[in-house]
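This report describes a sheet and a ligand site, going from strand pairing to the surroundings of the ligand.

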Amino acid sequence: MIETESIIAELERMFRMAPDLPKEAIIKQDILRQGLAFSQAALQVASGYKPKDYFIFSFDLVPLKEMETFEAYRSPEEIKMTGGVYELRPTIVSVRVNPASPYRVELRDGLISLVCEDVLLARLEFPPIPEYYSHKLSSGKKISEIAPAIEWGYLVYLTVYRLCQYWGKTEECRFCDLNENYRQQREEGREYTAVKGIDDIVEAMTLINQYDTVSKAYTVTGGSITTSLQGMKEGEWYARYADAIESRFAGRWIPKAVVQALPKDEVKMLHDAGYRIYHPNYEVWDRELFNWICPGKERYVGRDEWMKRIVDAAEIFGPERVIPNFVGGVEMARPHGFTDVDRAVASTTEGLDYFMSKGIIPRFTAWCPEPTSDLGRQEGPPLEYFVKLLLAWRNTFEHYNLSAPPGYGRPGVGSAEFSVSAFMDVIRVEKLPKGREIATV
Ligand code: SF4
């Protein structure tokens, strides 16, 4: 690993190392890796835009308590970068707050700008507040709490269960702050609903249907249910939400479920309820690291069974609609992760090849070492890891001549909406299979 003092010098080293990756994707990964700092003036401007809604995890590099200027309540959900010294095409990046980040959002010449080491990297836009946010639910809950929008409004994110039954150090996935984030948000007095009622969800989706034209997909997700919740197993419990939405608004959105790798009967319940995309996230490919990083999943399901269930789900959803996530970079977590970038990427590529050879397209989010997760504060992998991962993902994807995954908005640099990693930005639209550029739902 080559460490350089200068962020810009390292970016430029990466541009030279991977000349056919868009610069936008490389900068995006580095921002996701290091977070964003905001000046007071930028936070003031942000007050007129869509704020960070904490739609599931914190995705911050510091806890709420350490945000001296209350960025948690004031920073935007995402930024859109354009122009700057590298003449960037529009690129959307999720906001991860880090007051110590070298990437600073500030006003330059009266314009919101992204600055690093005094270099103007981009002019910025913040996401507009969706029109439906001005409407209220009859339960009194804020619609932005029940049904927030992310990815510049493309995706309505329904975390219907904000807790996970994997509990404590021996069960929770070690990178995950879902339970801790729930606790810190409640401590700070934020309205944060543990279990979202179907009535609230249906009312919110009715308002979105009426007032919003931007959203194209919704995700239903939440913590794992190891035994039962309200007397139901996980598949049945989560199936009810799509059932309630689809029975009223069939086909209005692409329905997606992010839940565990479930046995076939429960996967079928999800499909029958109307979900069209299934995300049984496997988090990390390496066998030993899966055991260490996902102790609850290992104990209750087991790594081999987990991977088998992902493949089995393709029989029900169709392979291109099974899109398991992994946490890009967590395979380098200390103290047991890989210390060598190439070995880490090689291991993860083995998983990509295993799934993509079957038409299943794993995607990734960039690991954000959240301070209240078990892995805690530690430096994530270097930028070089993410650059090599993007290359490996794209090479494998192109090798199997796959269509872009559905439910992720538009592919390609300058168009992608997906904000928590650059995998959609690096897709070369001209190389997608003709006539099936995006898989159907
Ligand atoms: S299954 Fe793991 S990643 Fe998902 S909410 Fe539970 S602890 Fe977090």
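## Strands S2 and S3

Isoleucine 79 is placed opposite valine 93 of S3. In this predicted model, the pairing of strand S2 (residues 78-83) with S3 is antiparallel and comprises five bridges.

Helix H2, covering residues 23-34, packs on the sheet and touches S3, S4 and strand S6 (119-125). The direction of H2 makes about 25° with that of S3.

## Sheet order

The six strands make up an open sheet with mixed pairing, in the order S1-S4-S5-S6-S2-S3. At its edges lie S1 and strand S3 (88-94), each of which pairs on one side only. Strands of a sheet pair through backbone hydrogen bonds, in either the parallel or the antiparallel sense.

## Pairing of S4

On one side, strand S4 (residues 103-108) pairs with strand S1 (residues 37-38) in the parallel sense, over two bridges. Here alanine 37 faces arginine 104 of S4.

S4 also pairs with strand S5 (residues 111-116); these two run antiparallel and are joined by six bridges. Arginine 108 is opposite leucine 111 of S5. Two residues separate S4 from S5 in a hairpin, and aspartate 109 in the turn has a positive phi of about 55°.

## Ligand shell

The residues surrounding the ligand are Cys164, Tyr166, Glu172, Cys173, Cys176, Leu178, Gly223 and Ser224. By class, the shell contains five nonpolar residues, two polar ones and one charged residue.

How values were computed: Residues numbered from 1 in each chain as written. Predicted model: local features only at pLDDT ≥ 70, side-chain atom pairs only at ≥ 80, totals over all residues. Pairing = 2+ DSSP bridges. Helix = DSSP H or I, 4+ residues; strand = E, 2+ residues; numbered from the N terminus. Near = placed C-beta within 6 Å. Nonpolar A, V, L, I, M, F, W, Y, C, P; charged D, E, K, R; others polar. Contact = placed C-beta atoms within 7 Å. Axes fitted to C-alpha atoms, helices over the stretch in contact; angles between N-to-C directions.
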